[in-house]
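Here are my notes on this model, as numbered points. Please read them with the coordinates open.

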Amino acid sequence: MKGFRGVRVFQSTAQGDGTVKAAIAVFDHDLDVIQYPQLTTNNIVVVGIRTRAWEITLVSYYFEPDKPIESYLEQIKRVERKMGPKRLIFGGDANAKSTWWGCKEDDARGDQLMGTLGELGLHILNEGDVPTFDTIRGGKRYQSRVDVTFCTEDMLDLIDGWRVDEDLVSSDHNGMVFNIRLQKSKSIKIERTTRIFNTKKANWSLFHEKMAQLLLDNNMTTLIDTIDNKTKVESAINTYTNIITKTCEQSIPKKTSREILTIPWWSEKLAEMRKETNTMRRRIRNAAQDRRQHVVDEYLKQKEKYESEVREAQAGSWKEFCGKQDREGVWEGIYRVMSRARTREEDCPLTDVNGAPLDPEKSAKLLAETFYPEDREEEDNDEHAEIRRRAKISEGVHDEYVPSFTVNELKHALKSFNPKKAPGADGLTSDICTHAVDLDQKLFLGLINKCLEHRYFPKIWKAATVVILRKSGKDSYTEPKSHRPIGLLPVLGKLYEKMLVARLKYHLLPRMSTRQFGFMPQRSTEDSLYTLMQHVKEKLKEKRIITIVSLDIEGAFDSAWWPALEVRLAEEKCPEYLRRVISSYLSDRRVSVRYAGAEYERATSKGCVQGSIGGPILWNLLLDPLIHQLQARGEYIQAFADDVVLVFDGDSALQIERQANTSLEHVQAWGVRNKLKFAPHKTCAMTITRRLKYDTPRLNMGGTEIATYKELRILGLTIDDKLTFNTHVRNVCKKAIGMYKILARTARVGWGLSPEVIRVIYVAVVEPTVLYAAAVWHESVYKLGVQKQLNVIQRGFAQKLCRAYRTVSLNSALLMAGILPLDLRVREAASLFEAKKGVCQSWLGDREIERMSSAMDAPHPAEQQSLEFGNLVDEEQYNNLNHLDVRIFTDGSKIEGRVGAALSIWDGEVEIRSLKLALAPYCTVYQAELLALSYAVKEAQLRNGSTFGVFSDSKAALLTVINHGSLHPLAVDIRKMLKQCALQNKTVALYWIKAHAGLEGNERADQLAKEAALLSKKSPNYDLCPVSYVKRIIRSGSLDEWNRRYRDSDRASVTKMFFPDAVAAYSTVRKMRITGHITQFTTGHGGFSEYLARFKCKGDPSCACEPGMPETVEHLLTSCPIFGKQRFELENKINKIVNKENLCKLIVEKYTKELFIVMLYK
């Protein structure tokens, strides 16, 4: 290194024995280097790097593998104490293993290093899978990841691009490279977003005013009424879009590229509190001596209040950032949060077939040609030509009845859009489109009904702007297949498309195979994996040999052949008008691919745009015949969108070979017929059996042999041939840690990394990642090896949450952090999933779980009633409802552990009937309210009269009823009865009334509901278990198991003085704000002489009060004379003796807890 001209090398220069094993080399002469010889040893080097603008401290280290790691960790602590916890970066060879920095296993040294990093608040920077150590010795290759880089919290958001560079040095240890952004970089502006308008600053009142005027000026209503051909439809759509755009230009400011740093959790209230706190601090200087202490106390109270509000604001804002949205699955939520946290990587030039780099224009063109291939008619065979002929729909008079789109369909579609999603090329986001459509719903409805009438999908709505995203985990991003194209389409077109797709689903979904799990209602990836593994386990019980084949379809969505799709619509007897609209939807489409600042536009003739509304259902439609055909042949097949899995079983490998190869030949032929390419070289197989001796079936597809592996990754689950799931657990732990690192950087910038913020990351991302598909692999958590892997990842988070020392036991850390052991959480998730699936659970007894109604039974979208309810806040509004023939008041009640519901039916001022309903004790008030509404509507259906009013004080129940997307069985029944009432020409109006507002009917229903709960002796009118009750039972079992482990363990002796029972502690700790100071006392691991002496950090364990008396937590709190005054004052206030037996009461009881914690700080 010293041979490089101008390089400066810094290392230990102290005289003495030993070899120097750590150094720092500086190549830039403009950097000022500060040496710290008092902190530098042969194994650890500390230098400061400084310019006029900034300063950081670098630490290079080497922990020798044959020496205890404790001494090195103490040196690291000394560096952190001396330099302060700011702007520190550490890098070196730790000779320690932990999944936190990418190792496949953990060792004791890794646990100790990880504990120290958590204790000091240092964060690991390592990412990826490339080994940091790689060598060949004696003809054998050795690889590991024992080199670790970490930094202080303030550097997290300044460091990016961490990677292992295998070409940087010639050593067996690879170089670790990363960027430090200490000043804002300047680069060429590349337009990446389709957003044009800043809707956060929109003047919506002005928007409505301007748009109403422009609609009037352009005479849009008349223009729509006169549409009689497709050309006029296109013209009207363009006019409508232009009106919205002009309105936006007049009422909404445009987005600017200027980045303004804002604090997402700051508010005017906090600004006022900060101002008041600073004012009170300034008053201390001017306070008279006799008032000074009072002024100081007032300032400290205000400061504590302000800091508490800041913590709550930070945690609340971060929860909102990570919060789950409506209709969002586990992975959707995780990936949404992760995508918001990741920084956008720069687009790198692609390479051609010879490896030569392409410029941005050619790169964009290559991507467009790869992802949107042409449908070449000249390549058709006879079968393809026949399919094209059958796909053509003859033009003629459209005499088929076409149900027009309804207002209810429009409202339902509008509610489903997220304004934070990127718009199409027109820049009109969903909130802009929602305001535009809501201004005159009838006008927009008339416009899309003209599209429907002419069986037409406008061209302007078929032009997609394609953004290119990187697929994670790729070694190189110079090839198109390392990227994923996402098409951004105009929101107005997606609104029309969503309404069309809702009708398509009504016709198609009931006919599709139940073995298709992708994009199907009430089915998920976890359902798919659970069903697959149950089939495999059944065959294993029969002692069969099983072969799983995972098929790979090249560019599935991008290659969907349009003529085949149109033929499929005809085969499924889809209405003619929908077939014609879909034919129009598939024709004349264009894409504009953006990449590296360039843009390439081309027409498309096949494929479903990824990001479109209709793509998933059209793909499922295309694949469905293959699933049905193989099922008819007796094969086991299931799919999640384009991920297709086949399972073959037999008594011998030869039997499976014949069966599988015949089926794979059929799959290949089906692909050729539909112009889809199955990739045999990417198709994977795995054999599973309990037999000790067996042959592996030899499979081939299209003449290419299919590779057999010991492990398969299917829908994010790694399945091994022994079904141990060890690799899966290792992978999800590694993935969860990687996600935490990304989110920690994001949180550090705007929210800080307080325990509350880390808890949200753990609950919102880490736990769901680990618990994914728990029902499939939960049995493996009973193994000690798996428990150890889970404990390693959880210990790191528990330590951060309660700010514990690295030496604290896992039992204490988990209890003080208020989180359950991960293996118990896995078992919980599995039990809940199986219970929801209807699998018999012993702890449920003969109780049946309330399951949602089938989405397949929903009525046609055009036939759904438009439901709403009125809000009555006082008696005056109620008295204005004099047109009602009958008024029915409903209520539900849970009292003394029993549940009831009731109706009170009134004619004018007289109650004419009442009805009491009993529910099982485990039912909820919500269920009781819905049951009462159900009986109320049933009464309206059976009674004479034309107008009925149903009154409820449960807004949650009413919202469930009017939401057609809610499939709660009681709500579905209510909607069916409301429809029957409408057919009988009965009007049933729903009203929300304020509880206990003095309305006689409401008070009467409340009284009846309580009587039904307390006095009813008949069998329940409703006894289905709510999911909340099931969760409660499962959690109770988990807490009991955790408590058993906690009590039986010989660890956490000090913690047990304060919290002898884990179940009670779980409830108590979650309501406390746990600080490092409190954790030190409740664990005994802290600045106590006895503890420090035990870990060789202090020579004498004695307390200052008496030589020979160990300074322990028990001694300090109960008998140390130094703190006798504080103890005496506390005992007088709480009227209890502070002794070992009472410690557990002092920290649990509400009154004593606050005073006791004050004493701990003293």
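1. Arg-803 sits in the loop that joins helix H23 (784-802) to helix H24 (810-817). The model is predicted. Phi at Arg-803 is positive, about 55°, although the residue is not a glycine. Is Arg-803 buried, exposed or partly exposed? Its relative accessible area is 47%. The class runs between 20% and 50%, so Arg-803 counts as partly exposed.

2. Ala-596 also deserves a look at the backbone. Its phi is near 55°, a positive value in a residue other than glycine. The residue belongs to the loop between strand E16 (589-595) and strand E17 (598-604).

3. Next comes Met-852. This residue lies in the loop between helix H25 (822-837) and strand E26 (869-872). Its relative accessibility is 43%, so Met-852 counts as partly exposed.

4. Now the aromatic rings. A search of the whole structure returns 31 aromatic pairs. One of them joins Phe-951 and Tyr-991. The ring centres are 5.1 Å apart and the planes make an angle of 15°. Planes under 30 degrees apart count as stacked, so this pair is stacked. Phe-951 belongs to strand E30 (residues 947-952) and Tyr-991 to strand E31 (residues 987-993). The two residues are 40 apart, and their pair links distant parts of the chain. Both Phe-951 and Tyr-991 are buried.

5. Ring pairs also build a cluster. Its members are Tyr-61, Phe-63, Tyr-72, Phe-90 and Phe-150, linked by such pairs.

6. Two arginines sit over tyrosine rings. The charged end of Arg-470 is 4.4 Å from the ring centre of Tyr-477. For Arg-589, the charged end lies over the ring of Tyr-585, 4.5 Å from the centre.

7. What lines the largest cavity? First, some context on the search. Eight cavities of 30 Å³ or more turn up in the whole structure. The largest has a volume of about 80 Å³. Its lining consists of Trp-100, Met-114, Leu-122, His-123, Ile-124, Leu-156, Tyr-740, Lys-741, Ala-744 and Lys-800. Strand E7 (122-124) and helix H20 (726-750) are the elements that give two or more residues to this lining.

8. The second largest pocket holds about 1,600 Å³ of space. Its lining has 39 residues. Ala-23, Ile-24, Ala-25, Leu-168 and Met-176 lie nearest the pocket centre. Which strands supply at least two lining residues each? They are strand E2 (24-26), strand E5 (55-62), strand E6 (88-93), strand E10 (147-152) and strand E12 (175-180).

9. On to the domains. The domain assignment gives domain 1 (8-180), domain 2 (268-339) and domain 3 (861-1024). Taken over C-alpha atoms, the centres of domain 2 and domain 3 are 43 Å apart.

10. Last, an annotation to set against the model. An unreviewed UniProt entry places a "coiled-coil region" at residues 270-316. In the model, this stretch is 96% helix and 0% strand. Please view the annotation and the end-to-end distance together.

Key. Residues numbered from 1 in each chain as written. Predicted model: local features only at pLDDT ≥ 70, side-chain atom pairs only at ≥ 80, totals over all residues. Heavy atoms only, no water. Phe/Tyr/Trp six-rings, centres within 6.5 Å; stacked < 30°, edge-to-face > 60°. Helix = DSSP H or I, 4+ residues; strand = E, 2+ residues; numbered from the N terminus. Buried < 20%, exposed > 50% of the residue type's maximum accessible area, 1.4 Å probe, protein only. Lys NZ or Arg CZ within 6 Å of the ring centre and 35° of its normal. UniProt positions renumbered as here; feature names shortened; annotations may be inferred. Domains from an automatic or database assignment. 1 Å grid on protein atoms, 1.4 Å probe; cavity = no way out; pocket = protein on both sides within 12 Å on 5 of 7 lines; lining within 4 Å. Points joined across faces, edges and corners; volume = space filled by probe spheres on them.
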